[in-house]
Amino acid sequence: MYDIVLFGATGFTGRLCARFIAQNYPLATKWCIAGRSLSRLETVAQELKHLFPNRVSPDIEIIELSPSSLNPLVQRTRVVINGIGPFHRFSTPIVAACATVGTHYVDFTMEIPWIQEVIKNYAEVARESGSLLIPGLSTSTPSDITAWLIASKMQESYSTSPAEIISSGKLDIKAMSSGSLNTVLDTFETYGSGWYLYGDPSILSAPFRKETKTSWVARVFGYQYTRELGSLATSFTGSGNQAVVYRSASQNPDLYGPDFRFEEYLPANGVMAAVFVHLLTKALLVLLSFAFIRGLMRKLATRMDSAPDISQLRNVERAECRAIGSGSGEAAPRILASFAREGALYELTALITCVGAKVLLDRATRADRAGKDARGRGGVVTPSFLGIEYVDRLKDAGIKIEIGLL
Ligand SMILES: NC(=O)c1ccc[n+]([C@@H]2O[C@H](COP(=O)([O-])OP(=O)(O)OC[C@H]3O[C@@H](n4cnc5c(N)ncnc54)[C@H](OP(=O)(O)O)[C@@H]3O)[C@@H](O)[C@H]2O)c1
């Protein structure tokens, strides 16, 4: 029985996950790296041996992306970590295998329309088998966890739900792997720009109509202002994170309340900067809908270094998400939550993914010890489903997570 199977360990981000596991998981963890190329997997195993000589190397499993190859491996695994992207092109069979046999699953996809397909096709299967599926765990964790902390604090301190949470999230990206760029291009090729331009926030939850308080000026020029967060602009990743937070709210209505509203923006240096970012983001989304623009960008991707230098990125990249939640009414309580880390963003992806997978692994191990009936129902859940255990372990792993009343 494997505790963890890591698919895509030969990829740029998968390799960082392999290093994280080798460096941080208990020595007794039974794990394997799985993929299609024995020689590339052996190179990863050798690299781990060199970096962590005191650890037993992970096993190597050669797989094809078919049920006959995947099901037997996934069946004897507690948690799958998957880094095979573009996810909508290759990873549906892995999700299907996990949902069918009842194995927990996490990945770091950013492909929201694919997550919608996963929910449509596998949520019910997973519910029955007891498999917990968290596609996009790393991508949405900062937004989803800060929103969940605010909702929990508001219930705990004021016995009420937040009426609104405004989030300001920024990733200081200085380099991209060719795998990431190809995924963006493939996603727009498959699904088009429509959702990214007009973003239905209920794409991952039951359909709803949310009253927006945003003025038409803010909608046209993309400028927002709040006292605590300052000037805010349209965020490229904001609509995806908003969809995930709404899924969390729909799965936990008692905590978030029936009229919960969530919006995510990018911090900006004043009005002009916000308008510029908004127009640039929209223009980029329109351009990505043209095949010849995607073709040009693909040519660029073949010329760029497929593996950015992580040691350089450690000094120049950072991630920060700050969110303000308010209750309804005149004397409404206000709560600030934040999530921040200095360092390379690809390493942050590996950290968030592997810490989440370890929370699931410990739950699965406890359930196995307690007997078959101790396993709860499964489903497609969101990062905040992992709760305070996840928050505490992220903090232990070096992420600064804070919450306070205003
Ligand atoms: N959310 C985030 O913050 C975040 C961060 C980083 C990456 N990502 C996403 O994660 C994905 C991987 O990114 P990356 O930079 O690591 O890309 P990458 O270096 O190109 O790695 C892709 C991995 O997928 C494997 N793979 C591709 N096609 C396969 C197939 N048909 N069968 C089996 N394995 C296959 C590759 O194996 P081979 O070695 O055998 O080719 C490799 O291990 C991308 O979709 C990217 O957008 C998300």
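**Exercise 1.** Which helices each supply at least two residues of the nonpolar patch?

*Solution.* Before starting, note that this is a predicted model, where local features need pLDDT of at least 70, side-chain atom pairs count only at pLDDT 80 or more, and totals for chains, interfaces and linings use all residues. Residues are numbered from 1 along each chain as its sequence is written, and side-chain values use heavy atoms, leaving out hydrogens and water.

Step 1: find the patch. V286, L287, F290, F292 and L296 make a nonpolar surface patch of about 480 Å². (Patches are made of residues with over 30% relative accessible area and no salt bridge; nonpolar side chains, meaning Val, Leu, Ile, Met, Phe, Trp and Tyr, are joined within 5 Å, like charges within 9 Å. A salt bridge is a side-chain nitrogen of Lys or Arg within 4 Å of a carboxyl oxygen of Asp or Glu. Areas come from the Shrake-Rupley method with a 1.4 Å probe, and for residues only the protein chains shown count as cover.)

Step 2: name the helices. They are α13 (271-287) and α14 (291-303). (Helices, H or I with at least four residues, and strands, E with at least two, are DSSP runs numbered from the N terminus.)

Step 3: look at one member. L296 sits in helix α14, and L296 is exposed, with a relative accessible area of 53%. (Exposed means over 50% relative accessible area, buried under 20%, and partly exposed in between, with a 1.4 Å probe and protein chains only.)

**Exercise 2.** Find the buried residues of helix α17 and work out how they are arranged.

*Solution.* Step 1: list them. In α17 (residues 387-396), the buried residues are G387, Y390, V391 and L394.

Step 1: look down the axis. These buried residues of α17 fall within an arc of 100°, so they line one face of the helix. (The arc is that of the directions from the helix axis to the C-beta atoms.)

Step 2: find their partners. The buried residues of α17 pack against α7 (137-158), β12 (334-342), α16 (345-370) and β14 (400-405). (Contact means heavy atoms within 4.5 Å.)
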